[in-house]
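Thanks for coming. I will go through one structure this morning, starting with a term and then a few residues.

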Amino acid sequence: MSTSVIDPSARVEAGAVIGEGVTIGPFCTIGPNAKIGDGCRLVSHVNVTGHTSIGARTVIYPFASLGTPPQSLGYKGEPTRLEIGADNDIREHVTMNTGTVADRGVTIVGNSCFFMVGSHVAHDCVVGNKVIFANNVLLGGHSQIGDNVVFGGGVAVRQFVRIGEGAMIVGLSGVRADVIPFGMAHGPLANLVGLNVVGMRRRGLSKSDVHRVREAYQALFFGEGEFRVRLDKVEASYASDDLVKRIIAFIRAGKRPLTMAVHRNEAGEDT
């Protein structure tokens, strides 16, 4: 059993739960409702407040602030939560807020994510596993981010937007509408410009897998007829293809139609 090490200059309030083998460095502040999982390391000057839980082996760098109240005019001090999973890397000046009672009441971050300097996760967001945030990525409230999504630097995501698994958002894009799984979005208003082929291959998908998804993508967004008709045709044609089925299911689960402009390979999709 490993003993935790807490620097004398850190302030850990009564009621906080500190796991085994935790390192809390100089000038950190831990609130009374915080839970720090086994093996976590808070380098220095880290603020953990509110009803916040942090999973095992997460590393948090100076001036990150986790569990502060939501930036919502409707918030009235309710005991909402922030839940962060295991094995995350949270760099300097990252901020994450708790949820609101107007939604699920909790902000959720998965496992093995990398949050680079200045990233922000707003109230009621859900972030999947193995998501990468480059510097200064901003999520608006209620956003939903799938597994293995990659954000380039300076991306801003509008409230209530969903981004499907395996998508890539090119740096300095402003995402105003849902992005399909494995999609690539680019530009000031984040047009859909193709598929994240590089990311698909890095995840171990075969050339035939990528080829089928590309065929379905072309039929879905550049085929003849109304979009809803094309959606039905692609769903029927690729009924046995799990990857395409994920894209179809994502689109059908949306509470509003896809409104993102679609361009052909504008961001240089790897063919």
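When I say buried, I mean under 20% relative accessible area; exposed is over 50%, and partly exposed lies in between, with a 1.4 Å probe and protein chains only. This is a predicted model, in which local features need pLDDT of at least 70, side-chain atom pairs count only at pLDDT 80 or more, and totals for chains, interfaces and linings use all residues. Residues are numbered from 1 along each chain as its sequence is written, and side-chain values use heavy atoms, with hydrogens and water left out.

Take Thr107 to begin with. Thr107 sits in strand β15, residues 106-109; strands are DSSP runs of E, at least two residues, and helices are runs of H or I, at least four, numbered from the N terminus. Thr107 is buried, because its relative accessible area is 0%. Its side chain reaches the backbone nitrogen of Asp124 at 2.8 Å. Contact means heavy atoms within 4.5 Å. Not counting residues up to four places away in sequence, Thr107 touches several others, including Arg81, Asn97 and Cys125.

Next, Leu231, which is in helix α3. Is Leu231 buried or exposed? Leu231 is buried, since its relative accessible area is 6%. Leaving aside neighbours within four places in sequence, Leu231 contacts Leu220, Ile248, Ile251 and Arg252. From Leu231 to Glu78 the C-alpha to C-alpha distance is 42 Å, and the two are 153 residues apart in sequence.

Last, Val175. Setting aside residues up to four places away in sequence, the residues that Val175 touches include Val155, Ile163 and Met260.

Terms used:
A polar contact is a pair of N or O atoms within 3.5 Å; within protein, one must be able to donate a hydrogen and the other to accept it, and residues adjacent in sequence count only if both atoms are side-chain atoms.
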